[in-house]
Amino acid sequence: MSTPAHAPQAGASDWLRRWPQAWQDRPGATALDLACGAGRHLRVLAQAGLRCTGVDRDGTALAGLQGLGELIEADIEAGPWPLGERQFDLVLVTNYLWRPLLPRIVQALAPGGWLLYETFNDGQQSVGRPARADFLLRSGELLQACAGLRIVGYEDGFAGQPEVNGRYVQRVAAVRAVDGPPGVFPRYRLD
């Protein structure tokens, strides 16, 4: 049996797989994969029909992603924010943290858009890398960064098997809510 084109690849983040309503069945929606690296998520999102933008400082990694969308080589920690005031229907960040950018990341979310953010949490230093506090979220830090967004899902703990790739993570799924008519409530599906 073949796998549908929109099904996530095996290497896709568990958090991306957990929230298919943020990216499946949304052809033409825009997606930003920040610090996209080798593009494991860009491939999934492009296959799902999203118009993708990938940002990374590694031009060699980006060179292998031609045809998946707009690719921007930029050092977002040392240089200017390369996206101006652009907003996206989905903003995805995995395994990356640069605290000064947290407000910019939230601002890049369009009305009705989803933020899926997953990265290492304090405690990771006890099982592996990264180990520097600069790269580890403090408890509840993503919730604070998402103030003003509708939090649909949040996790803060240990994921995986301790013996094999176990890691401390913090994850948030949030939506920039759009006000509707009185008495009409958006349904942010949890399953």
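1. R99 is partly exposed, at 21% relative accessibility (partly exposed lies between buried, under 20% relative accessible area, and exposed, over 50%, with a 1.4 Å probe and protein chains only). Its salt-bridge partner is E141, at 2.6 Å from N to O (a salt bridge is a side-chain nitrogen of Lys or Arg within 4 Å of a carboxyl oxygen of Asp or Glu). E141 is buried, with a relative accessible area of 7%. R99 sits in the loop between β4 and α4 and E141 in helix α5 (residues 141-145), 42 residues apart (helices are DSSP runs of H or I, at least four residues, and strands runs of E, at least two, numbered from the N terminus).

2. A word on the source: this is a predicted model, where local features need pLDDT of at least 70 and side-chain atom pairs count only at pLDDT 80 or more, while totals for chains, interfaces and linings use all residues. Residues are numbered from 1 along each chain as its sequence is written, and side-chain values use heavy atoms, leaving out hydrogens and water.

3. The structure holds 9 salt bridges. One of them joins R171 to E155, with the closest N and O atoms 2.6 Å apart. R171 lies in strand β7 (residues 164-175) and E155 in strand β6 (residues 150-161), so the pair ties together parts 16 residues apart in sequence. R171 is buried at 8% relative accessibility, whereas E155 is partly exposed at 35%.

4. E85 is exposed, with a relative accessible area of 68%.
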